[in-house]
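Here's a protein model to walk through together.

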Amino acid sequence: MSVREPETRPAVRPRVRVHRFEHNPLVSPGDVKPHRPDFEVIGAFNAGVTRFRGETLLLLRVAERPKSTDPNIVRVPVWDAKLGELRLETYDVSHGRFDVSDPRSIREISPKGRWHLRYISYLRLARSRDGKRFTIDDEPFLFPGNALESYGVEDPRITEIDGTYYITYSSVSPYGVGVGLARTRDFVTVERLGIVFPPENKDVVLFPERIGGAYYALHRPVPKGMGDPEIWIGKSPDLIHWGDHRPLLGIRPGKWDSLRIGGGAVPIRTPRGWLELYHAADDKNRYCMGAVLLDLADPTQVIARSEDPIFEPETEYETQGYFGNVVFSCGVLLEGDTLQMYYGAADTSMAYAEMSLREVLDSLVPV
Ligand code: MAN
């Protein structure tokens, strides 16, 4: 005889109300001057955010490619560390020898064919007094500068610790995607501290304070063969050397976070725990934002998590673009009860939305 399980109904959770800024996007590719005249800006997105000397700073990921008039010719920009300049690799895609199914990359169809990015990304600052109208710096802030960054630097997160601003970013090259660490105190000069997580890893987010004497980071290794792209947590005495790694948060088959997940914003300390806003893609590569709550004294412990996304691509600037159906936040500020979310939309532009911290916390389901 089989015993029927009692029917478990999910508790009805209040939905989080999201208020998008009416003049979104905040920054579009057309607002950004390319770093050289023969290039065009195709994206200004996935920015890190912080407050600095009374201003809101966005550290934009700017993606540029060489201007082209011939659709059969793809020119791939690569930072040549030996020459100390960009080199353009040219591919004729008219003979069907290349896989161009993903607009972001190109690969020769052969057993040894490697992926190349069709653009190069670098980091550039935008500054604002009101958090909405931004003035973009004329010069890049962090441009690819070594062999481990030769395909670009992407998706920065900024964490302030004791007056120093630490920047983690994807460092993309033929060696794979690793995570670099840099620091600045003035947003004028910047010092690289090297690769802190080797390939393949991305989405590294540093906690803003020591916990029990140690620094903590969320990171996202990409196992090949066994395992999935999921969020891990690691510990460090000095932000450079990382260990005691553990899986923290997994994908959930059949749900909005079924394909891959990664840390998004710098964790926010709340009375109920560390609130982390993370991104996730489903099987259709649709990127949404959700949240997880971690124990204040031991952030390796998950307290609660979003059952449904709290924020998903809906508007035209989120569903259409270089890579559509993407909302991707690398930074959220807290003002009273308001979470101020800056986010990349469709790998094209930067946008802004607000939500209530209390509503987000109330929406989470204990795990
Ligand atoms: C990956 C990264 C992000 C990008 C998303 C969506 O997670 O390359 O930079 O925003 O994919 O394309």
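What follows is a short tour of the pocket, the nonpolar cores and some individual residues.

First, some ground rules: this is a predicted model, where local features need pLDDT of at least 70, side-chain atom pairs count only at pLDDT 80 or more, and totals for chains, interfaces and linings use all residues. Residues are numbered from 1 along each chain as its sequence is written, and side-chain values use heavy atoms, with hydrogens and water left out.

Let's start with the largest pocket, which holds about 1,100 Å³ of space. A pocket here is an open set of points on a 1 Å grid over the protein atoms alone, where a 1.4 Å probe fits, with protein on both sides within 12 Å along at least five of seven lines; lining residues have an atom within 4 Å of a point. The points are joined across faces, edges and corners, and the volume is the space filled by probe spheres set on them. There are 34 lining residues, and Arg104, Leu117, Val177, Glu200 and Lys202 sit nearest the centre. Two or more lining residues come from each of β2 (39-52), β8 (115-117), β11 (152-161), β12 (164-173), β13 (176-184) and β15 (201-206). Those strand labels are DSSP runs numbered from the N terminus (E, at least two residues). The largest share belongs to β8, with three residues.

A cis peptide bond joins Pro199 to Glu200, with omega about -10°, and Glu200 lies in the loop between β14 (191-197) and β15. There's another cis bond between Asn24 and Pro25, with omega about -5°; Pro25 is in the loop between β1 (19-20) and β2.

Now for the inside. The largest nonpolar core has 37 residues, and Val27, Leu58, Leu60, Ile167, Phe187 and Tyr342 touch the most other members. By nonpolar core I mean a set of buried Ala, Val, Leu, Ile, Met, Phe, Trp, Tyr and Cys residues joined through side-chain atoms within 4.5 Å. Buried is under 20% relative accessible area, exposed is over 50%, and partly exposed is in between (1.4 Å probe, protein chains only). The elements giving two or more residues to this core are β2, β3 (55-66), β9 (120-128), β11, β12 and β26 (349-356), with β2 giving the most, six residues. A second, separate core of 25 residues includes Ala265, Ile268, Ala304 and Tyr317.

Phe187 lies in the loop between β13 and β14, yet it counts as buried because its relative accessible area is 1%. Beyond its neighbours within four places in sequence, Phe187 is in contact (heavy atoms within 4.5 Å) with residues including Thr50, Phe52, Leu125, Phe141 and Tyr165. Asn285 also has a positive phi, about 65°, in the loop between β21 (273-281) and β22 (287-294), but at 25% relative accessibility it counts as partly exposed.

Back in β13, Thr184 is buried, at 2% relative accessible area. The side chain of Thr184 makes a polar contact with that of Asp186 at 3.2 Å. Such a contact is a pair of N or O atoms within 3.5 Å; within protein, one must be able to donate a hydrogen and the other to accept it, and residues adjacent in sequence count only if both atoms are side-chain atoms. Thr184 also touches Phe141, Thr164, Tyr165, Ile167, Thr189 and Val190, leaving out residues up to four places away in sequence.

Over in β11, Thr159 is buried too, with a relative accessible area of 2%. A polar atom of the Thr159 side chain lies 3.0 Å from the backbone oxygen of Leu206.

Last stop: Arg61, in strand β3. Is Arg61 buried or exposed? Arg61 counts as buried, at 4% relative accessibility. The side chains of Arg61 and Ser121 are joined by a polar contact of 3.0 Å.

Conventions: Helix = DSSP H or I, 4+ residues; strand = E, 2+ residues; numbered from the N terminus.
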